Amino acid sequence: MRVKIEEIRDEGLKLNERMSLEQLGTALEGSGFRATEPLAVSANLRKVSGGVLLQGQFTSRVAAACKRCLADAVLELPASFTINLVPESLARGEDVLDEDELEEKDRGQGESGGSFSLEDTDEELFDGKVIDLEPIVREQVLLALPMNAVCREDCKGLCGQCGQNLNEKQCDCQEKYVDPRFAALKNIKLQS
């Protein structure tokens, strides 16, 4: 999923790309989620102000263990994103400053050298010649994932005593569970 800058015409470039299950599996590794089908990505790229404006959308279908009952939760996660892709040379200001000026500027930044302003949060750097969409899409897939997967909103979960899935059937456990370590404390009578 690589795009050369010269492929982007004045009217823009529309792409419909697919990301395989293997590529998605690599992106989701360690997240607790797994892809259930390949990802279809629609993207529109336009040249603007020396950079490229990327607008994309996809619907990711993933599965994970439900946080309440541990059954398989299959989720459909629609996502749309807009990213301003800035050439590294433009971001560093190489076209304005010569090498000596850049060194002086870098030395003066000290601790704030890695900081950025709030306006730069939707910007990504690229080499100025080729845009690799795969890492961008992988990042957007990870950002679309929920904190926890739930098989359904009204999931009752598991019984804390016997482990019965309460969505399948109700168990015979007591509603109010008393921890056996503290059971003796209920017989204590306090005098006033």
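This report describes the fold, the salt bridges, the cysteines and one surface patch of the protein shown above.

The model is predicted, so local features need pLDDT of at least 70 and side-chain atom pairs count only at pLDDT 80 or more, while totals for chains, interfaces and linings use all residues. Residues are numbered from 1 along each chain as its sequence is written, and side-chain values use heavy atoms, with hydrogens and water left out.

## Overall fold

The protein has four helices and eight strands. Helices (H or I, at least four residues) and strands (E, at least two) are DSSP runs, numbered from the N terminus. Along the sequence, these elements follow the pattern β-β-α-β-β-β-β-α-α-β-β-α.

A contact means heavy atoms within 4.5 Å. Among the contacts in the protein with a separation of 6 or more, 63% are accounted for by residues 24 or more positions apart.

The protein exposes about 13600 Å², of which carbon and sulfur atoms supply 47%. Accessible areas come from the Shrake-Rupley method with a 1.4 Å probe; for residues, only the protein chains shown count as cover. Of the 192 residues, 30% count as buried. Buried means under 20% relative accessible area, exposed means over 50%, and partly exposed lies in between (1.4 Å probe, protein chains only).

## Salt bridges

A search of the whole structure finds six salt bridges. A salt bridge is a side-chain nitrogen of Lys or Arg within 4 Å of a carboxyl oxygen of Asp or Glu. The table lists some of them.

| Pair | Closest N to O distance |
|---|---|
| Asp72 and Arg34 | 2.6 Å |
| Arg61 and Glu37 | 3.2 Å |

Asp72 forms its salt bridge with Arg34. Asp72 lies in strand S6 (residues 72–87) and Arg34 in strand S3 (residues 34–35), so the pair ties together parts that are 38 residues apart in sequence. Asp72 is partly exposed, at 47% relative accessibility, and Arg34 is partly exposed at 41%.

Arg61 forms a salt bridge with Glu37. Because Arg61 lies in strand S5 (residues 51–65) and Glu37 in the loop between S3 and strand S4 (39–48), this pair ties together parts that are 24 residues apart in sequence. Arg61 counts as partly exposed at 27% relative accessibility, and Glu37 is partly exposed with a relative accessible area of 32%. Glu37, Arg61 and Glu76 are linked in a network of salt bridges.

## Cysteines

A disulfide is a covalent bond between the sulfur atoms of two cysteines. In the computed search, a disulfide is a pair of cysteine sulfur atoms within 2.5 Å. The structure holds zero disulfides.

Cys155 is buried, at 8% relative accessibility. The sulfur of Cys173 has its closest cysteine sulfur in Cys162, at 3.7 Å, again too far for a bond. Cys173 is partly exposed, at 27% relative accessibility.

## A nonpolar surface patch

Phe182, Leu185, Ile188 and Leu190 make a nonpolar surface patch of about 480 Å². Patches are made of residues with over 30% relative accessible area and no salt bridge: like charges are joined within 9 Å, and nonpolar side chains (Val, Leu, Ile, Met, Phe, Trp, Tyr) within 5 Å. Leu185 lies in the segment after helix H4 (133–144).
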